[in-house]
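Let's take a walk through this structure together, starting with the whole chain and then moving to a few of its parts. Keep the 3D view open beside you as you read.

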Amino acid sequence: MKRKPIVAIVGRPNVGKSTFVNRLVGSRRSIVDDLPGVTRDRIYFDIEWQNKFFTAIDTGGIIPGDEDDIMLSIFDQAKIACEEADKIIFLVDGKEGVNPVDFDIANILRQSGKPVFLVVNKLDNPESYLMTSDFYSLALGEPLGISALHGSGGVGDLLDLVTEDFEQDNEPTAEDTTIRIAIVGRPNAGKSSIVNSLLNENRVIVSDISGTTRDSIDSKITYKEKEYIIVDTAGIRKKAKVDYGVEQFAVDRAIRSIRDCDVALLVIDATERVSDQDKKISSIITEAGKGIIIAVNKWDLIEDKNSNTINKFEKKLSNDIPFLEYAPKIFISAKTKQRLTQIFDKAAEVYAQSTKRVSTGLLNKIVKELYALNPPTSVKGKRLKLLYATQAGIKPPTFVLFANNGDLLKDHYKRYIENKLREAFGFYGTPIRINVRERSEKDNKK
């Protein structure tokens with residue numbers, strides 16, 4: 001697969017970078033808010049323009065010289081993005097005019113040696129386009145005026161210029177086998193540290209401040225010749241503790257990342273008890289039908305470990321979250337990188353299980369056996385009869401049971417069927433869906 005060209009979008013805070021990216025992508029993917037510094041990390045998006053494909057990097061708003069730790073980290077992120085990029089779009093605020101910080105950023109971009117496109121944003125009416133002439137003072141060539149909010153102005157002209165030497169991709173796209181892993185959990189469980197350790201770079205900002213990660217951030221990685229996308233998400237706190245606004249958006253995005261992933265890595269802090277919030281996040285994952293791995297992080301901080309420590313911890317997890325007994329558990333340390341590569345091995349296994357298909361003949365043989373071994377008790381003189389079974393889908397494996405009366409299939413018997421299907425076929429690390437349809441015995445014999 002050919003590497004796509006990379007275009008970094010940089011600028012000081014609140015000039016509309018995320019709004020511009022959303023315009024390119026065609027959906028509200030980046031968090032947009034009037035607060036400066038909302039986008040802290042660099043976020044990658046695949047863009048297509050006139051059958052030309054490239055990757056856009058949305059960066060945190062940067063203020064060179066700002067001594068605040070978070071702002072310095074944002075500045076570092078933007079610098080790394082410029083190093084990665086083939087071309088750079090420098091976004092400035094046409095409403096506000098030239099800002100002294102714009103000159104500092106322009107000097108840095110000139111030193112990068114990369115092609116830079118100076119784009120004046122927030123030109124929301126025809127009269128405002130007169131403002132573009134002021135930006136010639138940045139000495140970065142001709143300014144291009146746009147309105148990212150309305151999609152008007154020269155957005156198309158800009159993309160034509162940026163992509164003019166990109167190759168068209170006329171090759172048919174093969175089926176995507178990349179496994180998407182969402183790293184989720186409570187704040188400060190070590191999610192971003194895990195990402196950084198896997199990628200061997202400061203890909204996302206890590207600090208002791210709860211809520212440092214706001215956006216869900218994608219990182220591509222190849223392990224054993226297989227491609228994975230690691231998605232670092234904001235920590236999901238209890239609803240009552242979430243501030244409305246940017247944090248609410250971030251939590252919503254984290255939950256959406258669970259829905260969009262193939263496998264969710266639930267990160268639990270080894271030094272703390274399993275909380276109700278851990279259980280709630282587990283429920284979100286299973287309700288979304290996603291594969292799940294439980295990663296017990298900070299294992300290096302557990303003292304006096306012996307050969308039985310992991311077994312004891314696994315039993316405790318089974319007691320605390322009994323409905324996730326089918327989920328693989330790994331005991332890792334983002335700090336020492338202990339067992340980190342197990343994340344990829346387990347994700348590949350869980351993905352294979354979630355996409356497994358069972359032949360109809362074998363499935364019905366197992367269903368008949370489990371029914372004969374333990375027939376359901378009768379309810380008011382009526383007994384459930386399982387007439388036929390078929391697999392209706394994958395991700396998660398979904399089965400349809402045709403029965404004489406759907407109301408007679410009680411939850412405890414459905415759990416029994418699920419357990420027997422797992423004994424027979426595995427389905428390691430993935431939820432199972434069991435649906436019932438009513439059908440008469442006469443219809444079944446036709």
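Of the 446 residues in the chain, 51% count as buried; here buried means under 20% relative accessible area, exposed means over 50%, and partly exposed is in between, with a 1.4 Å probe and protein chains only. This is a predicted model, in which local features need pLDDT of at least 70 and side-chain atom pairs count only at pLDDT 80 or more, while totals for chains, interfaces and linings use all residues. Residues are numbered from 1 along each chain as its sequence is written, and side-chain values use heavy atoms, with hydrogens and water left out.

How far can you trust the model? The predictor's confidence in each residue, pLDDT, runs from 0 to 100. Its mean over the chain is 81, and 77% of the residues reach 70 or more. Over residues 28-41 pLDDT stays under 50, and the model has 66 contacts for them beyond four places in sequence, a contact being heavy atoms within 4.5 Å. Residues 239-250 also stay under 50, with 20 contacts beyond four places in sequence.

The chain has twelve helices and 16 strands; these are DSSP runs numbered from the N terminus, with helices (H or I) of at least four residues and strands (E) of at least two. Among contacts between residues at least 6 apart in sequence, 71% join residues at least 24 apart.

Now look inside. A nonpolar core is a set of buried Ala, Val, Leu, Ile, Met, Phe, Trp, Tyr and Cys residues joined through side-chain atoms within 4.5 Å. The largest one has 27 residues, and Val184, Ile285 and Val296 have the most contacts inside it. Among the elements that give two or more residues to this core are strands E8 (179-185) and E12 (291-297), along with helix H7 (276-287). A second, separate core of 26 residues includes Ile194, Tyr228, Ile332 and Leu340.

Asp269 is buried, at 5% relative accessible area. The side chains of Asp269 and Thr271 are joined by a polar contact of 2.6 Å; such a contact is a pair of N or O atoms within 3.5 Å, where within protein one must be able to donate a hydrogen and the other to accept it, and residues adjacent in sequence count only if both atoms are side-chain atoms. Beyond its neighbours within four places in sequence, Asp269 is in contact with Asn188, Asn297 and Lys298.

Next, turn to helix H3 (residues 100-112), where Val101, Asp102, Ile105, Ala106 and Leu109 are buried. Why do these residues share a side of H3? They cover an arc of only 140° around the axis, which puts them on the same side; the arc is that of the directions from the helix axis to the C-beta atoms. Pro100 and Gln111, on the other side of H3, are exposed. Asn99 caps the N-terminal end of H3, with a side-chain oxygen 2.8 Å from the backbone nitrogen of Val101. Just after H3, Gly113 takes a positive phi of about 75°.

E3 runs parallel to strand E1 (residues 6-10), joined by four bridges; two strands pair if DSSP finds at least two bridges between them. Ala8 has Ile57 in E3 as its bridge partner.

In E15 (residues 398-403), six of the six residues are buried, so E15 is also largely enclosed. In a regular strand the side chains alternate between the two faces of the sheet. Accordingly, Thr398, Val400 and Phe402 point one way from E15, and Phe399, Leu401 and Ala403 the other way. E15 pairs with strand E14 (residues 386-393) in the antiparallel sense over six bridges, and Ala389 stands opposite Leu401. Six bridges also join E15 to strand E16 (residues 433-438), this time in parallel, with Ala403 opposite Glu438.
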